[in-house]
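We will go from the whole chain down to single pairs of side chains, one stop at a time.

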Amino acid sequence: IIFSSKKLKILDIGGSLHLLSKLISDKHDYILCDTKNYKSQTFKNAKIKMKFYNCDWYYLPKFKKNSFDIIISNDLFPNVDQRLSLFLSKFVKYGKKLIMSLTCTEHKYNKFYQAKRLDKNEILTILPYNKDNLFRILRKNKINVSENSYQKSPNLFHNGRNIYILEL
């Protein structure tokens, strides 16, 4: 993306402000959707020229088919947001290319964590996706994956999570 000679229209879901934001926004039409509450002054001070939606991706406006050359979502699904199937059904049609990093664990069902809801006094127990869950959801959305469709590499994370790159 940074070295592309063509000006691209890019939608970044959950990308946050990062070191490359300015480089990408200087060269391309860049839209960021993130729930982080950035002040507009942040973008002005960093001289970042991009459109910013401060909302959950689900509430983005509807776009025309193939509105974007590339839609990016890294390290969001399904470890932070377990609505992967809903996301795919909504966004696949908006981009000519979709690039995602998908995170899951190798464990079966023995690792979980608790999270407190922000809108209610309720504690939820979250079971992270394992590879079987992830591949099942991808197949349900007509994305063909198999045990042989990925390359196993040494695990970099102490909690046993793996990252898969999906390009559609």
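Here is the tour, starting with how to read the model.

This is a predicted model, in which local features need pLDDT of at least 70 and side-chain atom pairs count only at pLDDT 80 or more, while totals for chains, interfaces and linings use all residues. Residues are numbered from 1 along each chain as its sequence is written, and side-chain values use heavy atoms, with hydrogens and water left out.

**Stop 1: the whole chain**

Switch to a cartoon view. The protein chain has four helices and eight strands; helices (H or I, at least four residues) and strands (E, at least two) are DSSP runs, numbered from the N terminus. Followed along the sequence, the pattern reads β-α-β-α-β-β-α-β-β-β-α-β.

Now colour by accessibility. Of the 168 residues, 42% are buried; buried means under 20% relative accessible area, exposed over 50%, and partly exposed in between (1.4 Å probe, protein chains only). The accessible surface comes to about 10,800 Å², and carbon and sulfur atoms hold 55% of that. These areas come from the Shrake-Rupley method with a 1.4 Å probe, and for residues only the protein chains shown count as cover.

Among contacts between residues at least 6 apart in sequence, 56% join residues at least 24 apart.

**Stop 2: the six-stranded sheet**

Select the strands of the open sheet, whose order is β3-β2-β1-β4-β5-β8, with mixed pairing. Two strands pair if DSSP finds at least two bridges between them. β3 (51–53) and β8 (161–167) stand at the edges with a single partner strand each, so one side of each has no neighbour in the sheet. From one strand to the next, the twist averages 15°.

Is tyrosine 53 buried or exposed? It is buried, at 18% relative accessible area. Leaving aside neighbours within four places in sequence, tyrosine 53 is in contact with Ile31, Leu32, Cys33, Asp34, Leu60 and Pro61. A C-alpha to C-alpha distance drawn from tyrosine 53 to cysteine 33 gives 4.6 Å, across 20 residues of sequence.

**Stop 3**

Next, select residues 84–91. Axes here are lines fitted to C-alpha atoms, for helices over the stretch in contact, and angles run from 0 to 180 degrees between N-to-C directions.

How many of the residues of α3 are buried? Six of its eight are: Leu84, Ser85, Phe87, Leu88, Lys90 and Phe91. They pack against β1, β4, β5 and α4.

**Stop 4: the hairpin**

Move on to residues 113–116 and 123–126. These are β6 and β7, paired in the antiparallel sense over four bridges. They form a hairpin with six residues between them, and tyrosine 113 stands opposite isoleucine 126.

**Stop 5: salt bridges**

Show the charged side chains. The structure holds eight salt bridges, each a side-chain nitrogen of Lys or Arg within 4 Å of a carboxyl oxygen of Asp or Glu. Three of them are worth a click:

- Aspartate 26 and lysine 22 meet at 3.0 Å, N to O; both lie in helix α1, four residues apart, about one turn of the helix.
- Aspartate 56 and arginine 83 have their closest N and O atoms 2.7 Å apart, linking the loop between β3 and β4 to the loop between β4 and α3.
- Lysine 97 and glutamate 167 have their closest N and O atoms 3.4 Å apart, and the pair links strand β5 to strand β8, 70 residues apart. Both side chains belong to partly exposed residues, lysine 97 at 34% and glutamate 167 at 49%.

Key
Contact = heavy atoms within 4.5 Å.
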